[in-house]
Amino acid sequence: MTIKIFNVLILCTGNSARSVMAEALFNQLGQGKFKAYSAGSHPTGKVNPFAAEQVAALGYPTDELRSKSWDEFATPDAPKMDIVITVCDNAAGEVCPIWPGTPISGHWGFEDPAAVQGGDEDKRAAFALIRGQIQGCVERFVCLPLESMDIPSIKRELDGIK
């Protein structure tokens with residue numbers, strides 16, 4: 001029996017923190033049912049070191065994580081996305097490219113941990129807090145029986161998680 005793997009694209013403006021952590025969480029917690037990617041409308045070009053630290057603590061390899069433009073996923077040869085989730089309010093309000101296929105879209109808004117002022121411990125705590133919030137949403141979503149759900153039901157569940 002073939003198991004459907006759901007492609008998920010997580011979007012944020014800079015693709016350096018929240019979306020990167022969400023990508024890693026989907027890939028780590030999705031138990032092979034999900035292949036997650038992340039991108040940004042205005043990528044910073046580098047992964048925030050505190051986000052990389054959070055991802056590494058999960059046991060997820062950080063060497064392939066990178067900050068990239070969402071344009072990479074709007075090309076005809078890009079992976080077809082089943083689900084697109086914005087994780088910051090700025091990206092949610094932007095006009096997104098047309099994604100190949102007809103992905104289900106949703107929004108889970110999280111505070112930007114990269115905006116926290118203070119020392120490294122303050123920033124580390126902010127990233128840990130947001131990673132925990134994202135993890136809670138991802139855990140709820142990956143447990144859904146998506147393969148037996150119709151699109152409106154998946155959309156309703158996605159929207160009801162945050």
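**View 1. The largest pocket and the residues that line it.**
Rolling a probe the size of a water molecule over the atoms shows where empty space is left. In this predicted model, the largest pocket holds about 260 Å³ of space, and its lining is made up of 13 residues. Among these, Glu23, Lys35, Tyr37, Glu64 and Lys68 are the ones that lie nearest the centre of the pocket. Strand E2, which covers residues 34-40, gives the most to this lining, with 3 residues. When the lining is sorted by class, it has 7 charged and 6 nonpolar residues, and no polar ones.

**View 2. The second largest pocket and its lining.**
The volume of the second largest pocket is about 170 Å³. It is lined by 14 residues, of which Lys4, Phe6, Asp82, Ile104 and Ile151 are the closest to its centre. By class, this lining has 9 nonpolar residues, together with 4 charged residues and 1 polar residue.

**View 3. The crossing of helix H2 and helix H4.**
Two packed helices are described by the angle between their axes and the distance between the axes. For helix H2 (residues 49-57) and helix H4 (residues 120-142), the axes come within 10 Å and cross at roughly 55°, and the two helices are therefore oblique to each other. Their crossing is right-handed. On the H2 side, Phe50, Ala51, Glu53 and Gln54 take part in the contact, and they meet Asp120, Lys123, Arg124, Phe127, Ala128 and Arg131 of H4. Sorted by class, the residues of this contact are 5 charged, 4 nonpolar and 1 polar.

Notes: Residues are numbered from 1 along each chain as its sequence is written. This is a predicted model: local features need pLDDT of at least 70, side-chain atom pairs count only at pLDDT 80 or more; totals for chains, interfaces and linings use all residues. Side-chain values use heavy atoms; hydrogens and water are left out. On a 1 Å grid over the protein atoms alone, a cavity is a set of points where a 1.4 Å probe fits but cannot get out, and a pocket is an open set with protein on both sides within 12 Å along at least five of seven lines; lining residues have an atom within 4 Å of a point. Grid points are joined across faces, edges and corners, and a volume is the space filled by probe spheres set on the points. Helices (H or I, at least four residues) and strands (E, at least two) are DSSP runs, numbered from the N terminus. Ala, Val, Leu, Ile, Met, Phe, Trp, Tyr, Cys and Pro count as nonpolar, Asp, Glu, Lys and Arg as charged, and the others, Gly among them, as polar. Axes are lines fitted to C-alpha atoms, for helices over the stretch in contact, and angles run from 0 to 180 degrees between N-to-C directions. Angles under 35 degrees count as roughly parallel, over 145 as roughly antiparallel, 65 to 115 as roughly perpendicular and the rest as oblique. A crossing is left-handed if the near helix is turned anticlockwise from the far one by less than a right angle, and right-handed if clockwise. Contact means heavy atoms within 4.5 Å.
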